[in-house]
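Colleague: I would like to go through the salt bridges and the domain contact in this model. Please start with the terms and then take the cases.

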Amino acid sequence: MSRTEELLARMTLAEKLGQLTMTASSYAVTGPVIAGDSTESIRDGTIGNLLNMVGADHVNEMQRIAVEQSRLGIPLLIGLDIIHGHRTLFPIPLAETACFDPEAWERSAREAAREGAADGLAMTFAPMLDVSRDLRWGRTAEGSGEDPGLAVLMARAKVRGFQGADLSDAESLAACAKHFCAYSPVTAGREYAAVDISERTLREVHLPAFAASVKAGVETIMPAFTDLNGVPMTAHIPLLRDYLRGELGFEGVLVSDYNAIGELIKHGVAADLVEAATLSLKAGVDIDMMANAYRNGLPIALERGLVTMDEIDTCVRRVLQLKEKLGLFDDPYRRGAKPEAASAITARRQFARDLGSRCITMLKNQGDTLPLKPGVKRLCVLGPLADAAAEMRGPWWAAGAPEGQITVMAGLKAGLPDVELRHAAGVGFDDGDVSGIDPAVALCNGANALVLCLGERATMSGEAASRAYPEIPEPQMALAKAAIARARALQIPVITILFSGRPLVIPWLAENADAILAAWFLGCESGNAIADVLGGRVSPSGRTPITWPRAVGQVPIFFGQRPSGRPMDPKDYFTSKYQDVPNDPLYPFGHGLTYGRFVLSNLRVTPESVAERQEIEVTIGVGNEGAYAAEETVFLFTRDKIASVTRPLLELRRFAKIRLEPGESGTVVIKLPASELAFLGPDLESVFEAGDIEILVGPRADRADLLTASVHLLANVDD
């Protein structure tokens with residue numbers, strides 16, 4: 001008999017339900033405490049899992065109670081939200097996606113896993129795989145943007161990075177793919193609101209990344225708080241039990257989101273905790289996080305015959321098997337047993353800096369304002385985000401302390417030691433006090449350039465941070481307008497550095513600033529990464545993974561929209577357009593400038609006709625006609641003009657990167673299996689249809705910048 005089955009045979013109902021319970025922990029002067037409970041619950045086996053505990057000493061203290069003092073000695077599963085680093089903070093996921101480098105995505109997860117495991121943790125509640133096409137939704141910051149294909153690549157990279165080659169390794173964490181499924185298209189972009197989308201959108205946009213995570217071996221999945229078309233995900237039998245476990249074959253642990261089982265009552269599908277617990281258990285949710293619904297509700301449900309002991313045992317078995325895979329039974333103290341070497345921490349910080357510089361997205365660089373010219377001797381650096389260490393962390397900063405975060409000012413001082421820096425915040429974050437604007441603007445006098453550090457503070461993005469007006473706050477805009485007016489009078493260039501967890505609506509700034517860098521939130525090395533780009537040591541290479549609108553009224557706006565029967569025609573009143581703004585975005589998906597000047601040419605696609613099991617090869621020439629070495633990202637899109645169902649105007653298939661010196665040329669070769677051009681037909685079953693497919697290659701999702709060719713698909717032909 002296996003250890004799992006032996007334990008199951010010996011466990012009381014209370015101990016079984018303890019394994020299905022996860023409770024938050026915190027700290028008091030005397031040490032760690034359990035929210036709403038006591039360590040006695042660990043000792044008696046009625047709590048089997050914890051979240052939000054940090055530090056090997058504290059973790060081991062709790063593990064000793066569970067392993068050495070409880071009746072069965074079952075170790076605890078302890079997890080934390082490690083979204084973009086643990087103590088060393090990397091760029092937020094949206095920013096990290098901008099480097100378009102899956103190897104870098106995987107490495108940041110591996111480094112975060114090492115650091116989290118060194119703190120005694122065995123699980124992270126990441127990656128977030130929600131595809132966001134509505135920038136009003138605050139959790140846009142935690143995902144990979146608007147494209148489902150990018151989310152698939154992110155899923156694979158993060159699961160590999162967190163879990164490593166061996167889950168029992170002392171440096172590995174169990175990953176948790178969240179939030180299953182379609183959490184992002186909440187009504188009006190409002191956090192926790194209802195979701196109502198088509199089955200086609202669900203299957204084409206929101207399910208693929210989760211399917212990829214299961215195929216990559218993800219150990220846990222978290223259902224979303226929200227409902228989907230009237231059924232809360234925490235009780236969604238068709239998707240959790242039938243699709244995830246049935247169709248995809250997921251055998252891991254389903255863990256509820258924070259109090260989500262209890263919230264089934266407010267959703268209006270359960271009258272009390274007994275009914276809520278019953279619904280979740282039957283849907284296959286194994287761990288109840290913070291609702292105490294399983295501990296308090298399932299004994300009554302069992303008495304009433306609403307659930308069976310076999311159903312409870314099935315969930316307990318999965319939790320115990322996860323603990324077995326993590327090596328917790330063999331050695332519950334292996335994670336954090338040895339402190340990390342100082343050299344490992346130093347190397348991790350350097351990686352954070354390098355990654356940060358690669359994620360910075362240059363939106364505008366009129367007149368080659370950047371990099372800063374050698375003649376710059378004095379910089380005026382204004383804005384509340386210029387010297388705000390805590391804000392550099394971004395949302396969900398895990399165990400990252402406010403100290404140790406490099407600000408823009410600190411980075412510029414270190415990176416530009418011969419440049420005089422004149423600094424003032426000018427305005428604050430949370431009040432309307434603009435009395436500091438005039439003295440701040442006066443610092444422009446005698447400066448060679450103005451640097452504005454504007455945008456969101458960290459808590460303006462992330463969970464519960466929906467914004468109806470995703471713009472730069474009004475006091476900051478007042479500062480920007482006054483400072484830019486002074487800069488124009490002085491004839492000095494204006495460089496704007498934007499901090500945010502989402503695209504911001506910035507039409508005025510886009511028109512009036514000379515250069516704009518989307519710095520997103522870059523983590524602990526923010527200032528150094530920004531200084532590396534401003535000073536020209538690094539050419540910016542980030543590309544926005546999400547569309548920037550001209551106006552919030554355009555939202556949702558994304559490159560993969562379907563065509564209209566009346567496409568926009570400025571000469572025809574009755575076509576699909578706005579009366580007050582153009583249809584096109586301010587900055588399209590994939591937009592991002594470098595210090596090079598790249599020219600793409602000579603697009604070739606071979607063969608001219610392919611069958612489903614064959615491969616398409618796309619070749620394009622790339623030349624750097626600029627004065628700086630730089631890296632170019634080349635995107636491959638397709639367009640199926642005539643199909644049995646309307647296909648998106650553009651579909652991202654692949655991307656590639658090439659680094660070239662000034663005057664150098666090279667060739668990018670991208671291979672695409674023809675089978676990936678299949679799609680869901682009218683019956684939502686995969687179909688590979690004969691016909692012509694447009695191949696579009698270029699630097700961004702804008703037809704004006706794309707070279708085009710075509711390939712003919714042959715259906716039902718032996719290859």
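Modeller: A residue counts as buried when its relative accessible area is under 20%, and as exposed when that area is over 50%, with partly exposed in between. The model is a predicted one. Glu631 is buried, since its relative accessible area is 16%. Arg358 has 22% and is partly exposed.

Colleague: How far apart are the N and O atoms in the salt bridge of Arg358 and Glu631?

Modeller: The rule asks for a side-chain nitrogen of Lys or Arg within 4 Å of a carboxyl oxygen of Asp or Glu. For Arg358 and Glu631 the N to O distance is 4.0 Å.

Colleague: Which parts does the pair Glu456 and Arg467 tie together?

Modeller: Their side chains form a salt bridge at 2.9 Å, N to O. Both residues lie in the loop between β15 (449-455) and α18 (474-490), so the pair ties together parts that are 11 residues apart in sequence. Glu456 and Arg467 are both buried. For another case, take Glu420, whose salt bridge with Arg422 has its closest N and O atoms 3.1 Å apart. Glu420 is partly exposed, at 39% relative accessible area.

Colleague: How many salt bridges does the structure hold?

Modeller: The structure holds 47. Some are linked: Arg107, Glu111, Arg114, Glu115, Glu171, Glu340 and Arg348 form a network of salt bridges.

Colleague: Now the domains. How is the chain divided?

Modeller: There are domain 1 (3-25 + 50-326), domain 2 (360-541) and domain 3 (598-713). The centres of domain 1 and domain 3, taken over C-alpha atoms, are 36 Å apart. Their contact involves 11 residues from domain 1 and 11 residues from domain 3.

Colleague: What area do domain 1 and domain 3 bury between them, and which residues of domain 1 supply 60% of its share?

Modeller: About 840 Å² is buried between domain 1 and domain 3, with 66% of it on carbon and sulfur atoms. Phe100, Arg200 and Glu204 supply 60% of what domain 1 buries against domain 3, more than any other three residues.

Colleague: Which polar links cross that interface?

Modeller: The rule finds one salt bridge across it, and four residue pairs in polar contact. Glu204 and Arg647 meet in a salt bridge at 3.2 Å, N to O. On the side of domain 1 that touches domain 3, α6 (102-118), α7 (148-163) and α8 (199-206) are the elements giving two or more residues. Of the elements on that side, α8 gives the most, with four residues. By class, that side has six nonpolar, no polar and five charged residues.

How values were computed: Residues are numbered from 1 along each chain as its sequence is written. This is a predicted model: local features need pLDDT of at least 70, side-chain atom pairs count only at pLDDT 80 or more; totals for chains, interfaces and linings use all residues. Side-chain values use heavy atoms; hydrogens and water are left out. Domain bounds come from an automatic or database domain assignment. Contact means heavy atoms within 4.5 Å. Buried area is the accessible area (1.4 Å probe) that two parts lose on being put together, summed over both. A polar contact is a pair of N or O atoms within 3.5 Å; within protein, one must be able to donate a hydrogen and the other to accept it, and residues adjacent in sequence count only if both atoms are side-chain atoms. Ala, Val, Leu, Ile, Met, Phe, Trp, Tyr, Cys and Pro count as nonpolar, Asp, Glu, Lys and Arg as charged, and the others, Gly among them, as polar. Buried means under 20% relative accessible area, exposed over 50%, partly exposed in between (1.4 Å probe, protein chains only).
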